[in-house]
Amino acid sequence: YQRRVRGVSISTVMFLCAFLLCAAASAAPNVVVIVADDLGYNDIGYNNQDGEISTPFLDSLSEQGVRMSRFYGASMCSPARAALVTGRYPFREGLQGAKAIPSGATMGLPSSSTPLLPEAMKEAGYDTYLVGKWHLGFSSWKQAPTGRGFNYFYGLSGHGFDYFTHMNSPSKQRSRDGSSRVTRNAASTFDLSEHRLLDSGKINETGAEELLRGTWGVHAERLFSSRASQIIRTHDVTSKPLFLMVCYTNPHSPLQVLDEDLEKVPAGITNNRRRLLSGLVVSLDHGVKEIVTALKDRGIYENTLVVFVGDNGPSMMGGSAAPLRGGKTTIWEGGVRIPAFVVGPGIKSNVTSHDLYHMSDVYPTIAGLLGIPYTGGKDGVDQSKNLRVGFSSPAPRQEVIVDLDRSLERSAIIQHEYKLIVGDPELREADINSPPVSLRNLTSLPFSSAQLYNLVEDPGESRDLYSASSTKKNSAIALFLYFRLIQYATGDVREPLVFQRRMERAVETVDLSAEFQGMTQVKRLRPWLD
């Protein structure tokens, strides 16, 4: 009898173990997308050339997957984030040029006839979370993250804020602790929100005072990393798989760094801005490690797809894109070519891909890796086979439109190793009054200002191949790429968005229950149109 009981017990245990292993293997993978802010090509350890950046965890993590050496975002944050969630080029949304959606803007990312990435993930059965920076509109609940597919949002609506007070107008004082971070500027507003979308469709919003008192003096990276880790540890993955986006503000200005992170900065950096930015990158490395550690502690890391991307090139306040030319706001390589890698089940390990990738590819590639229908924009390319089973020839993406305005005054296209720039690569805004191009007025286009570069031989864009001494081959390449730009410019290009600011309506004054940090009131940003 005892043997029978033991035999049944052992076989039952073996059956249950086999069942659970099969269930785990067939469970839908979780997805974590991590976005860094203003992270230059030279601002991550595995690309760094000056010995001034240390990211040991990011380096180690990226070795477990595929690093993408030719991954393109945009020249500013809002256009890059728009491409990420839509699967479309930013000029389709009116976000061409070095354009960012300002706080208090009456409009944001235009509504789309196709689902956004978080909406598609929700439709596929995922529970969707956003922690960190949004920056795609906040004037109404329909524009807020919980109106665009996320079930939960904890973070900031605008471009950036004080890392310690989470006010959108940081003080000039650059102390690294939270003790003296009160911003007396009357225009300063508290830009930290927490929203949860209830099953009823209503929004559950955490009060401003509760958030203020609970977060004051805590560095934003630690705040976001802690919240992301908490979500991972508490989410019921047996009920719904997890889709989590963590959008850090690191290493975007202001350059406010914790002492413990600054101590880990490589020695010998003489430029103080570079030193402080390096500290914010150390902080970023810490945050990603905390998130991955939470995945491992929960036992779901092996079944989680991790995507890491920047958004645009570095600010010149300490950032670096070396050996690339230019930085944030430009369409030189340094302004748009950013660090990126992907790790997860079925992904190749310890591989560097030199194929073309664009931010709009993230959405269809996630769909391809998960085996779910892709219903987003048509500009994005599904790179899943390229990542999962080796690199195909030809590569899935043959072309990238770096930027495009309807008058071609600031536009660029890449095909294979060649890049054509037309107009001024450092022009911040397209001229919204210029007439659209047509195939009949080619003589009016600024082809005389065209520049052609071979990015494989000359990644620093120092030798213009389209000049008075240009060969027939280079002239033909330049002309062909020029016609490709014209084809796009005469197609689906939305008029550049014109943002009107209504800060006086976007700001709500909250009376505090008791004096806090010398304040009896706090102003905060929140949706106001509905």
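Visitor: How many bridges join strand β4 to strand β8, and do they run parallel or antiparallel?

Guide: Six bridges join β4 (residues 127-133) to β8 (residues 242-247), and the two run parallel. L130 has M245 in β8 as its bridge partner. This is a predicted model: local features need pLDDT of at least 70, side-chain atom pairs count only at pLDDT 80 or more, and totals for chains, interfaces and linings use all residues. Residues are numbered from 1 along each chain as its sequence is written, and side-chain values use heavy atoms, with hydrogens and water left out.

Visitor: What counts as a strand, and when do two of them pair?

Guide: Strands (E, at least two residues) and helices (H or I, at least four) are DSSP runs numbered from the N terminus. Two strands pair if DSSP finds at least two bridges between them.

Visitor: In what order do the 10 strands of the open sheet come?

Guide: The order is β7-β6-β5-β4-β8-β1-β9-β10-β2-β11, with mixed pairing. β7 (203-205) and β11 (351-353) are at the edges with a single partner strand each, so one side of each has no neighbour in the sheet.

Visitor: Which strands make up the open sheet of four?

Guide: That one runs β13-β14-β15-β16, with antiparallel pairing. Its edge strands are β13 (399-403) and β16 (451-454). Helix α12 (residues 472-489) packs on this sheet and touches β13, β14, β15 (418-423) and β16; contact means heavy atoms within 4.5 Å.

Visitor: How many aromatic pairs does a search of the whole structure find?

Guide: The search finds 13. Rings of Phe, Tyr and Trp (its six-membered ring) pair if their centres lie within 6.5 Å; planes under 30 degrees apart count as stacked, over 60 as edge-to-face and the rest as tilted. Y89 and F91 are stacked, because their ring centres are 5.5 Å apart and their planes at 20°.

Visitor: Are Y89 and F91 buried or exposed?

Guide: Both are buried, meaning under 20% relative accessible area; exposed is over 50%, and partly exposed in between (1.4 Å probe, protein chains only).

How values were computed: Axes are lines fitted to C-alpha atoms, for helices over the stretch in contact, and angles run from 0 to 180 degrees between N-to-C directions.
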